[in-house]
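Welcome! Open your viewer, and let us walk through this structure one selection at a time.

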Amino acid sequence: MENITEPQVAEAAETSASMDDIMQKVAEHKGCGTSGGSGKASCGSGAGQGDLPTEIWEKVKNHPCYSEEAHHHYARMHVAVAPACNIQCNYCNRKYDCANESRPGVVSEKLTPEQASKKVLAVASTIPQMTVLGIAGPGDPLANPEKTFKTFELIAKTAPDIKLCLSTNGLALPDHVDTIAGFNVDHVTITINMVDPEIGAKIYPWVFWKHKRYTGVEAAKLLTDRQLQGLEMLTERGILCKVNSVMIPGINDKHLVEVNKAVKSRGAFLHNIMPLISSPEHGTVFGLNGQRGPSAQELKALQDECEGEMNMMRHCRQCRADAVGLLGEDRSAEFTTDKIMAMEVNYDLDSRKAYQAKVEEERVAKVAAKAEELESLAGEASNIKLLVAVATKGSGLINEHFGHAKEFQVYELTTGGAKFVGHRRVDLYCQGGYGDEDSLETVIRAINDCHAVFVAKIGGCPKADLQRAGIDPVDQFAHEFIEKSAIAWFKDYLGKVKSGEIEHVERGDAEIRQGALTAEVA
Ligand code: CLF
Ligand code: SF4
């Protein structure tokens, strides 16, 4: 950390007006569901403030990863300033970005801290709803502390309204907690795949610590001790912590319930269980030895099981280390180094604030529409629980054409309302004006556990194929709010079941797409 001086750290700490108070409240919050009442439902994936102290709500409400509701409206960006890594994961190939937050098979353009700072200003000028800057690779940010903290220092000076975020494997974390706190980094993610070194030895062949390479159980023990120590140190300082875990069937899938309890008891705010992606073409150990990833229903069942303990993130998109835009969209190709260097940057804090105020209005309208529709469900008694898929470009609206959707968001419908439970990436069905039948099959496999798919528009052929597969294509709610529409459709569905017009049947499982999604070249 030669680049960071003590006065700089102290200065950064001073700028956070009542940070100590807020941090104390975050520390007291100690994860979700522990603060009495129905605390769990209000954090992370929840739609509103619920029982969260206002100061914590202020920290999460515009963070697209820490608030499911925010991810429809606010964007994040990553800068790929951290190339080196200090451990080896069996689901990672060093040719690509760190798979702890990135889909395997994606390569990002590496930047210097100065280039990264210019990029942040360029993106913030173009995308006013971009509220968070994260460093998540392509290696481990804390295995590259000079570059990581220099980048934070430059951005804190030039774009003070942007939240800083960091994702790490945790090995070096305890050594950097004070610097992280000093730079006013509010959000830290640690990837924790195990708390049992015997299981860890199957995931990590080695770790490199204090100039020495450790292997086997010894390596995994060192890693888990450092991860949990780092997590405790962060939450003691009131920094919001998210834990990512990669679900590896047959290795840590059952064990992740124990991991969930361990991180909850140490104050983690949110748990993000992600599916292993292990295509052989990515050349990872797991990809080459045939280790499979989970199915959509296996992943959901584990997330549901852990949700009893704490709030779960289900909207993670396993972003690139240079991701830009809303989660689920990828605008990184608009901001390559060449393009950024040629861009005229006009960072205007007032117009950013004005734009975000408009977003807040939209958001309030969406919540009100949902509440109103929900009232119409009051009194309905039914045990039916089903999933629907939605094609959306953001803003909480059904505003994407079936053929243009690169992913579908998945909502679970019950008489309690509509709950976001995940998303499914798919191959584009519409290829320059004609439909691709192979892609349609993969789309159907990806949403095969859903009863209906809500779209802004859909052609006759895919409509008929979806109906044959037992999935109802719904286009009558084009450009309306997702949850309000889903609840209205569900009410109608329940009515038809009740009257005997249709019979409710359970759906099967669905596939999680294995390939990497890369940005389209503009
Ligand atoms: Fe990036 Fe991660 Fe911060 Fe978000 S991503 S460093 S917490 S700003 Fe978000 Fe992307 Fe999932 Fe990460 S969707 S991979 S959880
Ligand atoms: Fe790869 Fe990230 Fe694991 Fe390092 S921490 S080996 S970059 S997945």
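Start with ligand 2: by class, its shell holds 8 nonpolar, 4 polar and 1 charged residues (Ala, Val, Leu, Ile, Met, Phe, Trp, Tyr, Cys and Pro count as nonpolar, Asp, Glu, Lys and Arg as charged, and the others, Gly among them, as polar). Select Cys85, Cys89, Cys92, Cys98 and Asn100, the closest of the 13 residues that surround ligand 2 (near means a heavy atom within 4 Å).

A word on what you are viewing: this is a predicted model, where local features need pLDDT of at least 70 and side-chain atom pairs count only at pLDDT 80 or more, while totals for chains, interfaces and linings use all residues. Residues are numbered from 1 along each chain as its sequence is written, chains are lettered from A and ligands numbered from 1 in the order in which they are written, and side-chain values use heavy atoms, leaving out hydrogens and water.

Next, show the open sheet of 8 strands, ordered E10-E9-E8-E5-E4-E3-E1-E11 with mixed pairing (strands are DSSP runs of at least two residues, E, and helices of at least four, H or I, numbered from the N terminus; two strands pair if DSSP finds at least two bridges between them). At its edges, E10 (312-313) and E11 (324-325) each pair on one side only.

Now colour E3 (residues 130-135) and E4 (residues 163-168): they run parallel, joined by 4 bridges. Isoleucine 135 stands opposite leucine 166 in E4.

Finally, select Lys366, Ala369, Lys370, Glu373 and Leu374 in H13, which meet Glu483, Lys484, Ile487 and Ala488 in H16 (contact means heavy atoms within 4.5 Å). By class, this contact has 4 nonpolar, no polar and 5 charged residues.
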